[in-house]
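Please look at the sequence and the model below before reading on.

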Amino acid sequence: MPTMIVTGAASGLGKCIAEHAARAGYKVGVLDLRLEQAQLVAESIGGMALQADVTDLPSVERAFDDFGETPDVLVNNAGILRTGPLLDHSPEDFRRVLDVNLTSVFLVAQIAARRMKNAGGGCIINMSSINGINPSTQCGAYATAKAGVIALSKQMSMEWGVYNIRVNTIAPGFIDAGMQAPFFENPDVRDLRSSAVPLKRLGSADDVADCALFLASDKAKYISGENITVDGGVINSVLMQLPRS
Ligand SMILES: NC(=O)c1ccc[n+]([C@@H]2O[C@H](COP(=O)([O-])OP(=O)(O)OC[C@H]3O[C@@H](n4cnc5c(N)ncnc54)[C@H](O)[C@@H]3O)[C@@H](O)[C@H]2O)c1
């Protein structure tokens, strides 16, 4: 039975990835800060709830030990968003966003990769964002962290390929789930954002989970160091929004 640990799997995209993985036959570790919610997800998919703070090394080590085996796949998905213009961002907020979204990717992936190396290989998928490719309003700290996730993942893929560990990132766009769901409850925001997407709709958690399961699978066995945007094409559309005359 293949095995996968998904961080931040108590809700949103992580929960959906965990559900897809369980359906695909994985034993899934549902890792989250929030144990009760993780337990609910784990119970519903027949997985194992693991409590850890991804910024806290000992708690993550314990969670991996509790899982009982080296995961074939790690999905570093846990993340937080703090919005605001850079002029108003407090140093504490900036550091916290970098800690949870970027430093944690290093910490958790290192723990996984050391074990995967001994086990003969593995696959790591790190969650970035289209904000890690292009800046957007009020997302300075978040965009910085998510850009770092792409750079860090490429570095990991270079250093760990020799151990048969593939490392890739996913950069979701306007996804109607998780941390962005409240934002899209406003019908005006929804219409504006949907119409800016070349595919003319918001993305779903399933769209992101499908990509994660593809990257985890043997179909992607020769893909490493890649970033896949799951955004309906929106990141490429800036110049198309401007009329020629
Ligand atoms: N929803 C979107 O539109 C969107 C778009 C681009 C990227 N993303 C990224 O996708 C990932 C998942 O986001 P989501 O939208 O599902 O949000 P979410 O808030 O629903 O899920 C995040 C999960 O991470 C957990 N978490 C937060 N801090 C943690 C910590 N220190 N240790 C362990 N777990 C922690 C939370 O408890 C929560 O369950 C994030 O990395 C986010 O940046 C989301």
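Helix α5 and strand β6 each give at least two residues to the lining of the largest cavity. The model is a predicted one. In it, the count of cavities of 30 Å³ or more comes to one.

**The largest cavity**

- How much space lies in the largest cavity? The volume is about 30 Å³.
- The residues that line the largest cavity include Ile150, Ser153 and Lys154.
- Val167, Asn168 and Thr169 are also among the lining residues of this cavity.
- Gly225, Glu226 and Asn227 belong to the lining of the largest cavity as well.
- Sorted by class, this lining has two nonpolar, five polar and two charged residues.

**The second largest pocket**

- The second largest pocket holds about 300 Å³ of space.
- The lining of the second largest pocket is made up of 16 residues.
- Which residues of this lining lie nearest the centre of the pocket? They are Gly122, Cys123, Asn164, Arg166 and Asp218.
- As a general point, empty space can be found by rolling a probe the size of a water molecule over the atoms.

**The ligand and its surroundings**

- There are 29 residues around the ligand. Those that come nearest are Leu13, Asp32, Asp53, Asn77 and Tyr142.
- By class, the shell around the ligand consists of 14 nonpolar, ten polar and five charged residues.
- Which helices each supply at least two residues of this shell? They are α1 (12-23), α4 (91-119) and α5 (140-160).
- The side chain of Ser11 has an N or O atom 2.9 Å from an oxygen atom of the ligand.
- For Lys146, an N or O atom of the side chain is 2.9 Å from an oxygen atom of the ligand.
- At Ala177 the atom concerned is a backbone N or O atom, and it lies 3.0 Å from a nitrogen atom of the ligand.
- How much of the ligand does the protein bury? Taken alone, the ligand exposes 830 Å², and the protein buries 93% of that.

- Met116 is part of helix α4. Is Met116 buried or exposed? Met116 counts as buried because its relative accessibility is 0%, and the cut-off for buried is under 20%.
- Met116 and Tyr163 are 47 residues apart in sequence, and their C-alpha atoms are 7.9 Å apart in space.
- Thr3 has its place in strand β1 (residues 3-7). With a relative accessible area of 2%, Thr3 is buried.
- The side chain of Thr3 reaches the backbone oxygen of Thr70 at a distance of 3.3 Å.
- Phe184 is found in the loop between β6 and α6 (187-196). Its relative accessibility is 2%, so Phe184 counts as buried.
- From Phe184 to His89 there are 95 residues in sequence, and the two are 24 Å apart in space, C-alpha to C-alpha.

How values were computed
Residues are numbered from 1 along each chain as its sequence is written. This is a predicted model: local features need pLDDT of at least 70, side-chain atom pairs count only at pLDDT 80 or more; totals for chains, interfaces and linings use all residues. Side-chain values use heavy atoms; hydrogens and water are left out. A residue is near a molecule or strand if one of its heavy atoms lies within 4 Å of it. A polar contact is a pair of N or O atoms within 3.5 Å; within protein, one must be able to donate a hydrogen and the other to accept it, and residues adjacent in sequence count only if both atoms are side-chain atoms. Accessible areas come from the Shrake-Rupley method with a 1.4 Å probe; for residues, only the protein chains shown count as cover. Helices (H or I, at least four residues) and strands (E, at least two) are DSSP runs, numbered from the N terminus. Ala, Val, Leu, Ile, Met, Phe, Trp, Tyr, Cys and Pro count as nonpolar, Asp, Glu, Lys and Arg as charged, and the others, Gly among them, as polar. On a 1 Å grid over the protein atoms alone, a cavity is a set of points where a 1.4 Å probe fits but cannot get out, and a pocket is an open set with protein on both sides within 12 Å along at least five of seven lines; lining residues have an atom within 4 Å of a point. Grid points are joined across faces, edges and corners, and a volume is the space filled by probe spheres set on the points. Buried means under 20% relative accessible area, exposed over 50%, partly exposed in between (1.4 Å probe, protein chains only).
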